[in-house]
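This briefing goes through a single chain by topic, from its overall make-up to individual residues. Please keep the sequence and the structure in view while reading.

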Amino acid sequence: MMGRKSMSRASPLLLLLLGSGLFFAAYNLFSMVHHHQRRESGRELPRDDQITRMPHEVKGSGGPRRPFHVAVTATETTYSRWQCRIMYYWYKRVKDGEGSEMGGFTRVLHSGRPDSLMDEIPTFVVDSLPANVDRGYVVLNRPWAFVQWLEKATIEEEYILMAEPDHIFVKPLPNLARDDYPAGFPFFYMRPDEHAQTIRKYFPEENGPVTKIDSIGNSPVIIKKSMLEMIAPTWMNVSLNMKADPETDKTFGWILDMYAYAIASALHGVQHILCKDFMIQPPLDEKLGNTYIIHFTYGCDYSSKGELTYGKIAEWRFDKKSYTSGLPPRNLSLPPPGVPETVVKLVKMINEATANIRGWDDERNYLPPGANK
């Protein structure tokens with residue numbers, strides 16, 4: 001069912017980088033996550049909304065259904081697996097709803113070997129980067145995983161949604177892309193214009209102004225498969241180059257791969273439609289509105305009075321990073337009165353998923369590959 005193609009399109013730079021043995025002091029993954037959370041917690045929660053850019057040529061929808069394939073890159077860790085199980089549960093729940101253009105689903109597992117969820121979630125196994133090339137930055141495997149998957153897999157849909165394990169589908173998702181304009185989500189902390197000097201190392205002046213680089217990451221993005229096939233090798237090479245440069249690595253930190261995707265897209269002249277309704281991120285976003293995806297990347301901490309204590313552990317909390325080596329229990333306690341509807345919705349959706357996923361707390365579903373069940 002899954003076809004194979006040659007890997008001949010991988011660029012010479014890729015092969016050089018993969019073979020060069022970039023051996024530097026490894027970053028501690030957990031400390032990077034903590035550092036990123038601390039950096040974001042220092043920002044004020046109220047912020048100016050970015051303007052959704054919709055080129056006049058692509059306003060309006062209608063016409064024949066344009067299904068897209070949902071692809072999520074994943075590791076074999078327990079942390080990644082429990083998130084993927086919840087994500088896939090909600091994908092199945094909303095996929096066939098009114099207005100949906102959601103097609104097939106693939107977990108692109110960049111471990112190089114199958115795991116215990118192969119029979120539960122449609123999965124395509126690809127290789128991880130060679131040892132030490134990611135230097136502790138596991139996200140660097142994401143563009144390399146997409147390069148391999150696009151080369152080797154048979155994907156029926158013309159469009160692809162790049163998603164992440166900590167995405168929960170709130171309602172049926174239509175194809176937000178328009179022809180040669182992919183659709184992405186504008187992240188408030190993505191400010192290419194504030195890092196022009198660093199970005200010019202990878203986006204030379206002859207490519208145009210830095211404003212051509214969209215304030216997005218690779219996810220969530222709905223994009224034509226042919227366009228992603230063009231961008232992915234560049235995205236991967238830019239990521240590796242950026243990670244190898246200490247100044248760039250320090251500047252972008254945990255969101256380096258997001259800038260790499262945005263730069264790679266701009267290098268190919270690709271402009272994204274910026275859709276604010278694509279996704280919300282509790283507790284930064286307090287209203288559900290017309291959103292399609294909840295991204296539960298930030299910790300949600302509230303006092304017993306329903307007051308946000310962002311960055312400080314409070315009487316009630318939900319933080320995915322509390323479960324890096326274990327599972328969220330079934331029937332999480334609901335937040336106290338006064339907590340925003342987005343946080344309440346998130347907890348209720350997680351509780352529904354864990355209540356209905358068969359073998360949710362069966363440790364055999366989280367054993368390392370090759371371990372006896």
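Is R85 buried or exposed? R85 is buried, with a relative accessible area of 1%, where buried means under 20% relative accessible area, exposed over 50% and partly exposed in between, computed with a 1.4 Å probe on protein chains only. This is a predicted model, in which local features need pLDDT of at least 70 and side-chain atom pairs count only at pLDDT 80 or more, while totals for chains, interfaces and linings use all residues. Residues are numbered from 1 along each chain as its sequence is written, and side-chain values use heavy atoms, with hydrogens and water left out.

**Overall make-up**
- The chain has nine helices and 12 strands, which are DSSP runs numbered from the N terminus (helices H or I, at least four residues; strands E, at least two).
- Of the 373 residues of the chain, 57% count as buried.
- Among contacts (heavy atoms within 4.5 Å) between residues at least 6 apart in sequence, 75% join residues at least 24 apart.

- R85 lies in helix α3, residues 78-94, and its C-alpha atom is separated by 7.7 Å from that of I357, a residue 272 places away along the chain.
- Leaving aside neighbours within four places in sequence, R85 is in contact with L117, E120, I121, I357, R358, G359, W360, N365 and Y366.
- S116, in the loop between β2 (102-109) and β3 (123-125), is buried at a relative accessible area of 14%.
- The side chain of S116 makes a polar contact with the side chain of R81 at 2.6 Å, and it also reaches the backbone oxygen of N365 at 2.7 Å; a polar contact is a pair of N or O atoms within 3.5 Å, where within protein one must be able to donate a hydrogen and the other to accept it, and residues adjacent in sequence count only if both atoms are side-chain atoms.

**The nonpolar core**
- The largest nonpolar core has 112 residues, and those with the most contacts inside it are W149, F169, L173 and F278; such a core is a set of buried Ala, Val, Leu, Ile, Met, Phe, Trp, Tyr and Cys residues joined through side-chain atoms within 4.5 Å.
- Helix α3 gives the most to this core, with 10 residues.
- Not counting residues up to four places away in sequence, W149 touches H69, A71, T106, V108, F124, V126, I155 and I160.
- A232, placed in helix α6 (residues 225-244), is buried with a relative accessible area of 0%, and beyond its neighbours within four places in sequence it is in contact with V147 and L150.

**Packing of α3 and α9**
- The axes of α3 and helix α9 (residues 341-356) come within 9 Å and cross at roughly 95 degrees, and the two helices are therefore roughly perpendicular to each other, a label given to angles of 65 to 115 degrees.
- I86, Y89, W90 and R93 of α3 make the contact with M349, I350, E352, A353, T354 and N356 of α9.

**Backbone features**
- The peptide bond from S219 to P220 is cis, with omega near -5 degrees, and P220 is found in the loop between α5 (196-199) and β7 (221-224).
- The peptide bond from P282 to P283 is also cis, and its omega is near 0 degrees.
- R135, found in the loop between β3 and α4, has a positive phi of about 50 degrees although it is not a glycine, and R135 is buried at 5% relative accessible area.

Conventions. Axes fitted to C-alpha atoms, helices over the stretch in contact; angles between N-to-C directions. Parallel < 35°, antiparallel > 145°, perpendicular 65-115°, else oblique.
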